[in-house]
Amino acid sequence: MQTWIDDRHCSDSASTLHTRLGLPLLSEASAEHFYDPEKDALLSWQTPKKSVMPQLTLIPPNTGAISIDFLGGKKAHRRQFGGGKGQPLVRAMGSLEERLPDVFDATAGMGGDSFVLASLGFNVWMNERSPIVHALLQDALERAQNADDLEPETREIIERLKLTNGDSAEIIRHSEQQLETIYLDPMYPEKKKKAATKKEMAALQQLLGPDMDSSDLLDAALSKASYRVVVKRPKGAEPIAHDTLPTTAVQSPNTRYDIYVIKTLKR
Ligand SMILES: C[S@@+](CC[C@H](N)C(=O)[O-])C[C@H]1O[C@@H](n2cnc3c(N)ncnc32)[C@H](O)[C@@H]1O
């Protein structure tokens, strides 16, 4: 699938992204002759209703457009109504009375899980290997960092998020930094029912396909995490193939969080 960068509205941003990603620019002329919205994806800047800031938006063929907004929309909603510290993702992070462990989110995707964790006080290093998905995340993070009307609480959440681009297995293996909790939420090879129909995940699946190297990523994570590794799986799925089985798990209606407790594993 060819992805284009829309050069028709935000020319400066388009040429910066073109230099970074090496994807072709879509001009009025190429739009007419070469761009096929039924086969090609487009990275474009769109200004949502009630906003003045254009957001980098991925318009894939066949599924709805997606962009990331840390300050409004679903992420703000999930932060407000998502269940706080009682939600399964957070319970999977362990007993958090003394100090919250730092989290390396090795499969950042649309940043939803990272944002929930940051909103509950975790420092989260998000890493994403797809340059296109990383560009969406970076656009959202920069918009949030540069917003001048942020409430102090929201500014603190944004300051807890750090973003990098690359393969997490490589980064984990070469990191000199202590990685406490490593979180994995790879794209499932098996067909998911409900989750796959969510617009964002459907678009990511179309763009990226399944992550076939999750057991290597788990291997790297288990060799490095000092506190625990948490892996999100669909309910009923096998744990990621590995010689090590999860120590325990937290269940929710559609999802299971497999937990590999490192201290126990290393004893
Ligand atoms: C299911 S999505 C993650 C969704 C994310 N938890 C969220 O809340 O939006 C999986 C993402 O992990 C990324 N990914 C998978 N394996 C990776 C790896 N080894 N290194 C970096 N990113 C990886 C994929 O490119 C994809 O964007």
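Residues are numbered from 1 along each chain as its sequence is written, and side-chain values use heavy atoms, with hydrogens and water left out. In this predicted model, local features need pLDDT of at least 70 and side-chain atom pairs count only at pLDDT 80 or more, while totals for chains, interfaces and linings use all residues.

Me: How many aromatic pairs are there?

Reply: Rings of Phe, Tyr and Trp (its six-membered ring) pair if their centres lie within 6.5 Å; planes under 30 degrees apart count as stacked, over 60 as edge-to-face and the rest as tilted. By that rule, the count is two.

Me: What kind of pair do Phe70 and Phe115 form?

Reply: Their centres are 5.5 Å apart, with 20 degrees between the planes. That makes the pair of Phe70 and Phe115 stacked.

Me: How many residues apart in sequence are the parts that Phe70 and Phe115 tie together?

Reply: Helices (H or I, at least four residues) and strands (E, at least two) are DSSP runs, numbered from the N terminus. Phe70 is in the loop between β4 (55-59) and α3 (73-81), while Phe115 is in helix α5 (residues 112-119). So this pair ties together parts of the chain whose distance in sequence is 45 residues.

Me: Are Phe70 and Phe115 buried or exposed?

Reply: Buried means under 20% relative accessible area, exposed over 50%, and partly exposed in between (1.4 Å probe, protein chains only). On that scale, both Phe70 and Phe115 are buried.

Me: What kind of pair do Phe104 and Trp125 make?

Reply: Phe104 is in strand β5 (residues 103-105) and Trp125 in strand β6 (residues 124-128), 21 residues apart. Both of these residues, Phe104 and Trp125, are buried. Their ring centres are 4.7 Å apart and the planes sit at 85 degrees, so the pair is edge-to-face.

Me: Which residue has its charged end over the ring of Trp125?

Reply: A charge sits over a ring if NZ of Lys or CZ of Arg is within 6 Å of the ring centre and within 35 degrees of the ring normal. Here the charged end is 3.9 Å from the centre of the Trp125 ring, and it belongs to Lys162.

Me: How many residues surround the ligand?

Reply: A residue is near a molecule or strand if one of its heavy atoms lies within 4 Å of it. The closest are Met110, Asp113, Glu128, Ser168 and Asp185. α5, β6 and α10 (199-208) each supply at least two residues of the shell. The residues surrounding the ligand number 20.

Me: Where is the polar side-chain atom of Glu128 relative to an oxygen atom of the ligand?

Reply: A polar contact is a pair of N or O atoms within 3.5 Å; within protein, one must be able to donate a hydrogen and the other to accept it, and residues adjacent in sequence count only if both atoms are side-chain atoms. Polar backbone atoms also take part: Gly112 has one 3.3 Å from a ligand oxygen, and Asp113 has one at 2.9 Å. For the side-chain atom of Glu128, the distance is 2.7 Å.
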